[in-house]
Amino acid sequence: MTAAQRAELPGVSEGRAGQLLAGALVAEAAMDLFDVETLEICPWALREGVILRRLDHMGQG
């Protein structure tokens, strides 16, 4: 897919469309390196995940 085609995908902004291929390649390499066969896709960004995990941890105390 071209960057323009990727920009038309749901949830992909025009500014991020050019980065998707590089990100996918890095993710695939990391999965190979760490022998990870599957991933769970989440609509949240990393920073939101860190915040939510911290809040969850605080609620268990």
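**Exercise 1. Find which residues lie nearest the centre of the largest pocket, and describe its lining.**

Solution. Keep in mind that this is a predicted model.
- Start at the middle: Ala27, Ile41, Cys42, Trp44 and Ala45 lie nearest the centre of the largest pocket, and the lining has 18 residues in total.
- Next, look for the elements that give two or more residues to this lining: they are α3 (20-33) and α4 (46-59).
- Of the elements, α3 gives the most, with four residues.
- Last, the volume: the largest pocket comes to about 760 Å³.

**Exercise 2. Work out how many helices and strands the chain has, and decide whether the chain is spread out or compact.**

Solution. 
- Count the elements: you get four helices and zero strands.
- Read them off along the sequence, and the pattern is α-α-α-α.
- Now take the radius of gyration, which is 15 Å for this chain. The globule rule gives 10 Å for 61 residues, and 15 Å is well over that, so the chain is more spread out than a compact globule.
- Then check burial, where a residue needs under 20% relative accessible area to count as buried. Buried residues make up 5% of the 61 in the chain.
- Finish with the surface: the accessible area is about 5,700 Å², and carbon and sulfur atoms account for 60% of it.

**Exercise 3. Compare the reach of α4 with its expected span, and say whether α4 lies in the open.**

Solution. 
- α4 has 14 residues, and from its first C-alpha to its last it reaches 20 Å.
- At 1.5 Å a residue you'd expect 20 Å, and the reach of α4 is close to that.
- Now count the buried residues among those 14: the number is zero, so α4 lies largely in the open.

**Exercise 4. Is Met1 buried or exposed, and how many residues separate Met1 from Cys42 in sequence?**

Solution. 
- Locate Met1 first: it sits in the segment before α1 (3-7).
- Its relative accessible area is 63%. The cut-off for exposed is over 50%, so Met1 is exposed.
- Now go to Cys42, one of the residues nearest the centre of the largest pocket. Met1 and Cys42 are 41 residues apart in sequence, and their C-alpha atoms are 22 Å apart in space.

Notes
Residues numbered from 1 in each chain as written. Predicted model: local features only at pLDDT ≥ 70, side-chain atom pairs only at ≥ 80, totals over all residues. Heavy atoms only, no water. 1 Å grid on protein atoms, 1.4 Å probe; cavity = no way out; pocket = protein on both sides within 12 Å on 5 of 7 lines; lining within 4 Å. Points joined across faces, edges and corners; volume = space filled by probe spheres on them. Rg over C-alpha atoms; globule rule 2.2 N^0.38 Å. Buried < 20%, exposed > 50% of the residue type's maximum accessible area, 1.4 Å probe, protein only. Areas by Shrake-Rupley, 256 points an atom, 1.4 Å probe, with all protein chains shown as cover. Expected span 1.5 Å × (residues − 1).
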